[in-house]
Amino acid sequence: MRTLVLNAGYEPLAVVSFKRALVLVMNEKATVIEHVEGEPVWGNRRAYERPAVIILTRYVRIPGSRQVPVTRRGVLRRDNHRCGYCGKAATTIDHVQPRSRGGKDTWENLVACCLRCNNMKGDRTPQEMSWALRLVPGMPRGSQWSVRGTDRADPRWEPYLALAA
């Protein structure tokens, strides 16, 4: 069971185990906003509500903007597992500007790609193939990308994740 941790300003910070969340609540560093009905956590002296969403009592400053690391899995997820060229199911990723020609591993240069299109394109650019991208590749935005673990979100988290989007 996982718990969503919100900053004092209601922005999502992290997803932690319910045990870690309970420790934050017991040390008065956080307050339970949403809990799991009918599933208490039994302690030596009493039962505690199992937290689903907690909010910190003090604001935690996050240095700089959170950069989402580029991964194969992330590119496929961003593009909804659809080929950036033909729209069919994608299992690979492709460099729009080939690496052999100076293309980097960046969100703006990578797209999900089906095996057929990836093999046909090879070491060429989409312009050389007279192909058009179906999307403009870029760094993904939103709390589901900046806070690890929200891709397997609990339905109780949705209102709080929607505030940050």
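User: Which residues make up the largest nonpolar core?

Analyst: This is a predicted model, where local features need pLDDT of at least 70, side-chain atom pairs count only at pLDDT 80 or more, and totals for chains, interfaces and linings use all residues. Residues are numbered from 1 along each chain as its sequence is written, and side-chain values use heavy atoms, leaving out hydrogens and water. A nonpolar core is a set of buried Ala, Val, Leu, Ile, Met, Phe, Trp, Tyr and Cys residues joined through side-chain atoms within 4.5 Å; buried means under 20% relative accessible area with a 1.4 Å probe, protein chains only. The largest one has 10 residues: Leu-4, Leu-6, Val-15, Val-36, Ala-52, Val-53, Ile-55, Trp-157, Tyr-160 and Leu-161.

User: What pattern does the chain follow along the sequence?

Analyst: The chain has 6 helices and 6 strands. Of its 165 residues, 39% are buried. Read along the sequence, the pattern is β-β-α-β-β-α-β-β-α-α-α-α.

User: How many disulfides does the count come to?

Analyst: A disulfide is a pair of cysteine sulfur atoms within 2.5 Å. The count by that rule is 0. Cys-83 is in none, with the nearest cysteine sulfur, that of Cys-86, 3.8 Å away. Cys-114 is also in none, and its nearest cysteine sulfur, that of Cys-117, is 3.5 Å away, so the total remains 0 disulfides.

User: Is Cys-83 buried or exposed?

Analyst: Its relative accessible area is 2%. The cut-off for buried is under 20%. Cys-83 is therefore buried.

User: Which backbone nitrogen does the side chain of Asn-109 reach?

Analyst: Asn-109 lies in the loop between β5 (92–95) and β6 (110–113). Asn-109 is buried, with a relative accessible area of 9%. A polar atom of its side chain lies 2.9 Å from the backbone oxygen of Lys-104. The side chain of Asn-109 also reaches, at 2.8 Å, the backbone nitrogen of Gln-97.

Notes: Helices (H or I, at least four residues) and strands (E, at least two) are DSSP runs, numbered from the N terminus. Buried means under 20% relative accessible area, exposed over 50%, partly exposed in between (1.4 Å probe, protein chains only). A polar contact is a pair of N or O atoms within 3.5 Å; within protein, one must be able to donate a hydrogen and the other to accept it, and residues adjacent in sequence count only if both atoms are side-chain atoms.
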